[in-house]
Amino acid sequence: MDRLPKVFIERIKKQLPEDEWEAFFATYSGQPYKGIRANTLKIAPQTLAEIFPVGSPIAWEKNGFYYEGEKVGAHPYHAAGLFYSQEPSAMCAAPLLKVEKGERVLDLCSAPGGKGTRLAADLEGEGFIVLNEPIPSRAKILLENVERMGITNAVVVCEYPPKLADKLPAYFDKIMVDAPCSGEGMFRKNADEALTEWSEENVALCAKRQGEILACATEMLAEGGKMVYSTCTFAPEEDEGQMQDYLAKNPSMVRLQEEKLYPHKVAGEGHYAALLYKKGGGRCEVKPFKAVCTPASAKVYRAFEKECFDGYFARNLHEANGTLYALPEGMFDFKGLNVLRVGLKLGEVKNGRFEPAHALAMAMRKKQIKNTADFGVDDTRIRAYLRGEAIEGGGENGWCVVCVEGYPLGWGKRVNGTVKNHYPKHLRR
């Protein structure tokens, strides 16, 4: 508590009853909570609990668990996309939207992707989700998480909200606005950064920016659609006060639910979320995107698909500069937007040969793959593969998917018992 800004302390005392002050400030002497969320596109929560040392379930997230171990980023199951590491109270927002298969979903402030990848899992590959992050470096991290989680129907975009609102008015069924905020809920988790940046002036600045983002989100929400607004701060100007001002300005919006998690009341760092419903404004359609793929490239890919997979995997093929993608059905015309990825990147056609992309391996299930190199989680070859080394592994020559306990990690090319490494260099550790 000694590091907390005095102004922040006084603000909290005005927000909370006096009999809660001691309990609230006592939380800052403890360790931050950690959590992981099962990626249901690849594994059921109960199965994850059987193979990984998770703690107790998180009450507000059916796929979430507390986690008390060391950092999970280097674990093979993390590399396989079986789970997403996420602060427990931050998991309260995405389930409020109750995303259903086939819907059009937008995560407007998405990086690094904790909430957006949860929403994508709910879609189960049907419909599509636009994951937007205006900062290029953060958008790159977002894309990596989309690939790792095996999401095939995402559109990863790097734009500021006004441009998206102009392009896609009254278009989305569900929208998540996890707005940039003053980060008071991060004082314990990211103390140095969060405490240094906090000030009352920054609270006011964040509140203004949040109002602008909400205005854009409202334009993009179709009539009958739902939106969640969330922050990881306790400041009323950014939470309840923000909602009060917003609803006064937007009579077509109705608040259905509101949650505010404080660290002295729940096992988490703190979060705010409000569920909203749009009762007017109509629903718009935009020009659909027409996928284009040359017959020669399609033939090369289909031959690879037949050789490596059981069944017909990619349906809506699109080619751009020699790279092939599988686009989601019903995709809008995304020309004019700074798009990092649409749908699933399949790979590249080079000199009449097809070279598969990492994203394609991560989207597969072992039962769909004809040629794999599968190892136990404690096999030293798994760690070697993730470091970018060639590994020993018998089987048929040619392209194979390296797996840990049946879960894909990436591509290899087997030659006489040696699997040459094709794990992306930027992911090696």
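**Strand pairing and helix packing in a predicted model**

Strand S13 (residues 323-326) and strand S15 (residues 344-350) run antiparallel and are joined by four bridges, where two strands count as paired if DSSP finds at least two bridges between them. This is a predicted model, in which local features need pLDDT of at least 70 and side-chain atom pairs count only at pLDDT 80 or more, while totals for chains, interfaces and linings use all residues. Residues are numbered from 1 along each chain as its sequence is written, and side-chain values use heavy atoms, with hydrogens and water left out. Helices (H or I, at least four residues) and strands (E, at least two) are DSSP runs, numbered from the N terminus.

- Strands S13 and S15 belong to an open sheet of four strands, which has the order S12-S13-S15-S16 and antiparallel pairing.
- The edges of this sheet are strand S12 (317-320) and strand S16 (353-356), each of which pairs on one side only.
- From one strand to the next the twist averages 30 degrees, with axes taken as lines fitted to C-alpha atoms, for helices over the stretch in contact, and angles running from 0 to 180 degrees between N-to-C directions.

**Strand S11 and its partners**

- Strand S11 (residues 271-278) is largely enclosed by the rest of the structure, because seven of its eight residues are buried, that is, under 20% relative accessible area with a 1.4 Å probe and protein chains only.
- Strand S9 (residues 221-231) pairs with S11 in the antiparallel sense over six bridges, and Thr 231 stands opposite Tyr 272 in S11.
- Strand S10 (residues 253-261) also runs antiparallel to S11, to which eight bridges join it, and Glu 259 stands opposite Ala 273 in S11.

**Helices H9 and H10**

- Helix H9 (residues 200-220) and helix H10 (residues 240-249) pack with their axes 11 Å apart and at an angle of about 45 degrees.
- That angle makes H9 oblique to H10, since angles under 35 degrees count as roughly parallel, over 145 as roughly antiparallel, 65 to 115 as roughly perpendicular and the rest as oblique.
- In H9, Ala 207, Gln 210, Gly 211, Leu 214 and Thr 218 meet Gln 242, Met 243 and Tyr 246 in H10.

Conventions:
Buried means under 20% relative accessible area, exposed over 50%, partly exposed in between (1.4 Å probe, protein chains only). Contact means heavy atoms within 4.5 Å.
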